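Have a look at the fold before reading on.

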Amino acid sequence: MKSNVAARLGGWSARHRKTAICGWLLFVVAAVLIGGMVGQQSLTDGEDGVGDSGRAERIIDDAGITKPASEMVLVHSATADGFRAALPDVMRAVRSSGRTTAPREPLVSRDRHDALVQFDMTGDPKTAGDRVVPVQKAVAAVRARHPEVRIEQFGDASGDHWFDQTLGKDFSRAELTAVPLALGILLVAFAALLAAVVPVVIAVTAFLAANGLLAVVSHGLHMDGSASSVMLLMGLAVGVDYCLFYLRREREERAAGRDPETALRIAAATSGRSVLVSGLTVMVAMAGMFFSGMLLFDGFAVATILVVLIAVLGSVTVLPALLSLLGDKVEFGRIPFLRRRRSTGRFWDAVLRPVLRRPGISATLAAGVLLVLAAPALGMHTEKLGIDQQVPRDTPLIQTYDHITAAFPGGPDPATVVLKAKDIEAPAVKSAIASFESAVRGDPEFGQSVRTRVYAGPDVAIVDVPLAGSGSDATSQHALKTLRAMVPGAFGRVAEAHVAGSLAFSDDWNDQLRGSIVPVFVFVLGVTFLLMLVSFRSLPIAATAIVLNLLSVGAAYGVMVAVFQHGWGASLVGTQGVGAIEAWLPLFVFVVLFGLSMDYHVFVVSRVREAYDRGVPTSRAVAEGIRSTAGAVTSAATIMVAVFAVFGTLSMQDFKQMGVGLAVAVLLDATVVRAVLLPSAMRLLGERNWYLPRWLGWLPNLSHGEEPAPSLPPEPVSV
């Protein structure tokens, strides 16, 4: 039987605990300092895009064109032309703020109840949100002087300012809430302050180190701004769980009467090994995102692999070093009331007794529940959610967006035709642009405010074309198809032309994902199957792991579609149905859930195999394995659900979808799957659980139990 790597790492750390602890601290401090010095580089629009819209954005990036932050003010009156008195005041106020370009000629709606004043913010568009307040105050002053009309402002800078003020606080609250929540759950689990603090400290320091290294990596692979938030979510979830599994096993062995050294050695050889296998499986699942062909997912993959790798290293090195140093002092700060109430043995006995007595019925019912929950996923519709879908409908920013869209369809978020020519000012190119503008202005599928910007230096032109409809509905979709059909004929002979914009970006993303999701699924399923096969030397165990995790993921998909696409029960999580799932979520949720589900699977099945290797019959080994891991799995799942649920409270729809989807999936996985479906399936299989064909006999026989104690040298014989 091959030596257990986790046992060797734990043994080394226990013998060299000062080196392990100091080395960890130096590593974390160095990573944080280096990351802070170099800073994190973000994805550009050209790097984030794919397909035709991605090519358009890359032309803009390569040309060095910085699109200004555009703003608009809507003046609405109850009567036709009733806005006329307020309109000059609005234009003067915007101009006098000193932060904008001169307003363009106002647009008037077809029913003459609305006028739209458009202008650009001066200076760097990335910081326009920091400079828009004087403009907003100037517009607000006009609003106060003209109560007879409705005056509203919307745009890139206004949106950035709202996001900074609202979502910045959202994320800070989530990050500050997640850690105390994890700490509180661990206090209940261990009933001791120090035992609860240790896993949280290791998880947080692992995140800090990973975040610092991510900044360094971002100079070679640019990151999406949400990569750090995803890293925090994953780092807390797996970091705390791994330490929890390890520490719980060490405490169990001490409670069973083992001396400190033996208890730590057993924990390293058993839970430590499970941590290594689980961590490797999670990282392999995350690596599946590299097959998407999209830089966003490449960044997510690097971020999650980094934080999981560092969390694993901390769990199998610095944690045993700390336990060796603290000994039974890890129980410092005991909470007697919790110690009396924390036992879950009776509860799990009550759950397992009928499951193991009637495994066929139990497996059928559990699988049926998951399949029913998964059913809505068959109608899943994905798109890159627009701002009107991302932000709550009752937000003033979105109400203004809706008012502008109703009066001037496509105005807040137009499609963009990007042209690249040898000479953008050549007569043939100018004539083609003029003809194109005339054609779209005369077509009811497009809005009035067609705008062309010509950049002579890089020979690029950008034509903004508002689309009819809401921006994402069937009307807008048809308008986009019409536009894309027009562009080749209009510019094919004089310029390279591509169509960008939010809706074009969303469609191209969906097309790319449809083509890449199969390779991702095949990779994750195939490599996970091989890892389970090697770890447990069993075809049924490997196959069962895949089937159970697919059921768990399918149920998560179904819940997400039911709540966020159809709006069933959406009010329970403080949102409403938006008709779609964020485009990047299905692939991301699949790899994350598949990786995280393996935490529990590996941990539980390892304990079953450990008992089986001691000679316990499979039927008893299953019961023993489930019961012995029930407390740890319950605590670990509670932490994951709590952390993910915190992200489900954010205002942004995509993070809300991710948080709720992951929380529900982990809850189902730890209850329906691990407590009912897994034990009933293993009970039905019986001794067939450990079937391995002869032609696979060459697979390594890895240890699942306690490493044998090192033999002492023989005592010298006196003569």
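Predicted model: local features only at pLDDT ≥ 70, side-chain atom pairs only at ≥ 80, totals over all residues.

Residues are numbered from 1 along each chain as its sequence is written, and side-chain values use heavy atoms, with hydrogens and water left out.

**Salt bridges**

Side chains of opposite charge can pair when their charged atoms come close. Here a salt bridge means a side-chain nitrogen of Lys or Arg within 4 Å of a carboxyl oxygen of Asp or Glu. By that rule the count comes to 28. Three of them are in the table.

| Pair | N to O distance |
|---|---|
| Arg 92 and Asp 89 | 2.2 Å |
| Asp 508 and Arg 484 | 3.0 Å |
| Arg 609 and Asp 613 | 3.0 Å |

How much cover do these residues have? Buried means under 20% relative accessible area, exposed over 50%, and partly exposed in between, using a 1.4 Å probe and protein chains only. Helices here are DSSP runs (H or I, at least four residues) and strands are E runs of at least two, numbered from the N terminus.

Arg 92 and Asp 89 sit three residues apart in helix H5 (residues 87-96), about one turn of the helix. Arg 92 is partly exposed at 47%, whereas Asp 89 is buried at 16%.

Arg 609 and Asp 613 share helix H22 (residues 585-613), four residues apart. Arg 609 is buried at 11%, while Asp 613 is partly exposed at 38%.

**A helix pair**

The axes of H21 (residues 539-565) and H24 (residues 653-685) come within 8 Å and cross at roughly 145°. The axes are lines fitted to C-alpha atoms over the stretch in contact, with angles running from 0 to 180 degrees between N-to-C directions.

**Two loop residues**

Which residues have a positive phi although they are not glycine? Arg 112, at about 60°, lies in the loop between strand S2 (107-108) and strand S3 (114-120) and is partly exposed at 35%. Asp 459, at about 55°, is in the loop between strand S7 (451-455) and strand S8 (460-465) and is buried at 16%.
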